[in-house]
Amino acid sequence: MRILKASPLISFRSFSRGKLPEVFFEENSASRAIHLNRLSSLNAYNQGMVLEITSKLNKWKNDDEIKFITIEGEGNKAFCAGGDIIHLCNILHETTMHYKVATFSKPIFSFVDGIAMGGGMGLCLNSSNRIITERCMFAMPETRIGYFPDAGALYYLSKLPGYLGLYLALTGHKVRGEDALILGFGDHMVDSQDLDAIKRTVKSAKSVDDVHSFLDSCSKPKKELEKLNSIDVEEVNEYFSAETMIGIMDKLSSSKTSFAKSTFSLLSSMSPIALVITYKAFKQAETLSFKGVLELEYGISEAVFGLGEFKEGVRALLIDKDNKPCWNPSSLETVSNEVVDAIFAPENMNKLGL
């Protein structure tokens with residue numbers, strides 16, 4: 001297949017009398033496209049978008065004319081910054097959307113150019129095929145606002161070698177460009193300047209085999225995991241191999257390397273109980289199926305929201321922007337094991353009904 005400069009097959013729903021909605025859909029001969037279109041919010045999805053996407057997936061799965069789906073974010077800054085933090089989505093509906101994306105009966109190709117954070121990173125990872133550019137930026141920054149990584153991300157992070165996944169889950173470190181390809185967040189890496197033409201070509205394809213052949217022909221080669229550009233793998237494995245969250249902090253505090261100092265400082269600014277919850281959830285995710293991880297994430301989410309840490313984190317970082325959250329408890333040493341154990345209680349699990 002050759003790269004198309006223009007596509008005669010695109011048939012958008014008609015919105016000529018007004019601006020395009022927050023999520024809109026594109027019909028092509030053998031595919032359908034999902035466009036996330038909240039530019040002012042970095043394409044973060046809200047409740048209405050979640051319901052529309054889920055509805056379309058339910059409809060498309062039984063349409064034999066549709067061979068594959070694509071997902072992209074409008075604008076040049078973000079694929080998707082996750083769920084709207086100010087106007088929260090229904091967690092059940094959001095989790096259901098991610099499950100349907102991950103288990104969809106037809107291939108889903110996500111195009112990531114720019115930010116993919118939180119649920120946006122989950123939306124990409126849950127897609128069966130991920131096309132990224134050198135401008136991509138992945139992160140799960142939930143611990144910074146008193147929450148934990150969700151949207152199925154713990155499943156993928158827990159499969160990374162060594163302690164890289166735990167490091168990313170706890171710190172929210174930003175993974176960019178080639179590092180994202182090396183870690184498997186992308187299946188194909190292309191130049192951002194070619195992305196629009198590549199998307200047109202993919203969406204005009206008549207078969208999934210044609211798409212794969214085309215992407216293979218224009219993708220950059222993937223390097224082995226030897227050295228990442230932005231992460232010192234040896235130091236991550238050294239410090240994050242501790243058997244408790246407090247153990248990680250003790251290892252970091254006793255080291256004089258710049259990595260240890262900066263990481264200790266970063267983690268010290270986060271909600272102590274959110275860190276403990278994330279650590280425990282990550283360890284459980286290591287032995288769970290994808291569905292099991294979603295059940296885990298959903299099962300503990302309501303209890304975590306009830307702690308008040310998320311509300312305080314959003315206030316400090318996004319509303320008042322004083323960057324001075326008052327975490328409660330204020331230290332790892334005062335985190336109650338009983339409270340954490342209650343959050344992970346068996347009666348909180350297996351409520352999704354997937």
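Strand E3 and strand E4 (residues 68–73) pair in the parallel sense over six bridges. Pairing here takes at least two DSSP bridges between two strands. Strands are DSSP runs of E, at least two residues, and helices are runs of H or I, at least four, numbered from the N terminus.

Quick background. This is a predicted model, where local features need pLDDT of at least 70, side-chain atom pairs count only at pLDDT 80 or more, and totals for chains, interfaces and linings use all residues. Residues are numbered from 1 along each chain as its sequence is written, and side-chain values use heavy atoms, with hydrogens and water left out.

Now the other neighbour. Strand E2 (residues 23–27) runs antiparallel to E3, with five bridges. Glu26 faces Ala33 of E3. A hairpin of three residues links E2 to E3.

What unit do E3, helix H1 (residues 47–60) and E4 make? A right-handed β-α-β unit. Right-handed means that, with the strands pointing away from you, the path from the first strand over the helix to the second runs clockwise.

Is E3 buried or exposed? Six of the six residues of E3 (residues 31–36) are buried, so the rest of the structure largely encloses this strand. Buried means under 20% relative accessible area, exposed over 50%, partly exposed in between, with a 1.4 Å probe and protein chains only. Look at both faces. Ser31, Ala33 and His35 are buried on one side. Arg32, Ile34 and Leu36 are buried on the other.
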